[in-house]
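User: I have just opened this one and would like a short walk through it. Could we start with a single side-chain detail and then step back?

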Amino acid sequence: MTRKLDYRWNLRQVMASRGMFQTTDLIGPLAGREIKLSSSQVYRLVTERPERLSLKVLMALLDILECTMEDLIEPAAAAKPARKARTASGDEAGVGSLRPRRARITKDGS
């Protein structure tokens with residue numbers, strides 16, 4: 001079975017350790033490295049975990065914050081999906097093969 005990998009995005013924590021507490025603190029330094037991002041794009045970059053990230057932006061962040069990639073991106077094992085409850089016999093708990101039936105609406109007197 002292949003292990004699923006995930007990561008933690010620590011940009012906000014790294015910024016805070018460098019005395020940068022507002023997302024807009026990155027706009028000027030990024031622009032100085034010829035990376036033009038809107039304030040909403042920078043906000044999402046700081047507050048959310050990016051699914052895609054340009055290497056140019058990543059290198060600029062490493063340079064601005066004077067940190068390593070390990071500081072920003074921390075590998076982590078993916079959370080396991082919740083297991084289905086099982087009965088003592090090993091069968092799945094729940095309604096089993098029972099399924100709801102579609103209701104049939106009829107007029108009065110039919």
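**A walk through the chain**

Analyst: The model is predicted, and in it Arg49 lies over the face of Tyr7, at a distance of 4.4 Å from the ring centre.

User: How many aromatic pairs are there?

Analyst: The count of aromatic pairs comes to 0 by the rule applied here.

User: OK, stepping back, how many helices and strands does the chain have?

Analyst: The chain has 5 helices and 2 strands, and, read from the N terminus, the elements run β-α-α-α-α-α-β.

User: Where does Asn10 sit?

Analyst: Asn10 is placed in the loop between strand S1, which covers 5-9, and helix H1, which covers 11-17.

User: Is Asn10 buried or exposed, and why?

Analyst: Asn10 counts as buried because its relative accessible area is 12%, and the cut-off for buried is under 20%.

User: Which residues does Asn10 touch, leaving out those up to four places away in sequence?

Analyst: With residues up to four places away in sequence not counted, Asn10 touches Asp71, Leu72 and Glu74.

User: And for the whole chain, what share of contacts joins residues at least 24 apart?

Analyst: Taking the contacts between residues at least 6 apart in sequence, 61% of them join residues at least 24 apart.

User: Last topic, the surface: what does the accessible area come to, and what share of residues is buried?

Analyst: The accessible surface of the chain comes to about 9,300 Å², with 52% of that belonging to carbon and sulfur atoms, while buried residues make up 22% of the 110 residues in the chain.

Terms used:
Residues are numbered from 1 along each chain as its sequence is written. This is a predicted model: local features need pLDDT of at least 70, side-chain atom pairs count only at pLDDT 80 or more; totals for chains, interfaces and linings use all residues. Side-chain values use heavy atoms; hydrogens and water are left out. Rings of Phe, Tyr and Trp (its six-membered ring) pair if their centres lie within 6.5 Å; planes under 30 degrees apart count as stacked, over 60 as edge-to-face and the rest as tilted. A charge sits over a ring if NZ of Lys or CZ of Arg is within 6 Å of the ring centre and within 35 degrees of the ring normal. Helices (H or I, at least four residues) and strands (E, at least two) are DSSP runs, numbered from the N terminus. Buried means under 20% relative accessible area, exposed over 50%, partly exposed in between (1.4 Å probe, protein chains only). Contact means heavy atoms within 4.5 Å. Accessible areas come from the Shrake-Rupley method with a 1.4 Å probe; for residues, only the protein chains shown count as cover.
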